[in-house]
Amino acid sequence: MNARRKKRLALASALIGGVAAIASLLLYALNSNLNLFYTPTEIVQGKKDTGVKPEVGQRIRVGGMVTVGSVVRDPNSLHIEFAVHDAAGGEIIVTYDDLLPDLFREGQGIVAQGVLLEGDKLEATEVLAKHDENYMPPEVAEAMGQSHEKMEYGENQKSGY
């Protein structure tokens with residue numbers, strides 16, 4: 001092999017190695033910023049199809065209904081703790097240290113994003129509440145076993161009276 005071919009081979013090898021390094025760094029960055037959606041039952045028992053549970057310290061999103069009677073507010077700060085459950089019976093505790101949405105209340109569907117502290121405790125960085133009584137995020141509706149039905153209008157509503 002002459003010097004020119006060796007130089008081309010070295011250049012091609014360096015180029016392939018650089019592309020592989022960039023791709024692996026990109027995948028690592030995307031993986032660390034990935035927020036996976038779980039229901040309370042999936043957090044406690046694992047996903048149905050794979051049995052995989054989220055790891056402690058992992059950033060996740062959880063959706064379900066706020067358990068009635070579970071909201072505990074600290075009177076001296078914004079700290080709040082509440083339970084979230086789903087139709088399958090799973091329940092986790094969510095802690096949050098910021099202002100809650102105005103529509104947040106017990107018995108309502110929410111989506112909380114945060115870090116899993118223990119097997120059944122989430123420290124939320126963001127809490128989202130549904131915007132009216134007819135809408136529920138698709139992930140929460142699926143987790144709660146509810147179906148979305150097309151809204152029917154009466155004759156008075158159609159005519160504008």
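Mentor: A residue counts as buried when its relative accessible area is under 20%, as exposed when it is over 50%, and as partly exposed in between, using a 1.4 Å probe and protein chains only. What you see is a predicted model, in which local features need pLDDT of at least 70 and side-chain atom pairs count only at pLDDT 80 or more, while totals for chains, interfaces and linings use all residues. Residues are numbered from 1 along each chain as its sequence is written, and side-chain values use heavy atoms, with hydrogens and water left out.

Gly119 sits in the loop that joins strand 6 (109–118) to strand 7 (121–129), where helices (H or I, at least four residues) and strands (E, at least two) are DSSP runs numbered from the N terminus. Gly119 is partly exposed because its relative accessibility is 46%. Although Gly119 and Pro54 are 65 residues apart in sequence, their C-alpha atoms are 8.3 Å apart in space.

For Ala112, ten residues from Leu122 in sequence, the C-alpha to C-alpha distance to Leu122 is 8.6 Å.

Gly64, which belongs to strand 2 (residues 59–66), is buried because its relative accessible area is 0%, and its C-alpha atom is 6.7 Å from that of Val111, 47 residues away along the chain. Asp74, by contrast, is placed in the loop between strand 3 (72–73) and strand 4 (80–85), and Asp74 is partly exposed because its relative accessible area is 31%.

Now place this part in the whole. The protein has four helices and seven strands, arranged along the sequence in the pattern α-β-α-β-β-β-β-β-β-α-α. Among its 161 residues, 29% count as buried, and of the contacts with a separation of 6 or more, 54% join residues 24 or more positions apart.

Technical notes. Contact = heavy atoms within 4.5 Å.
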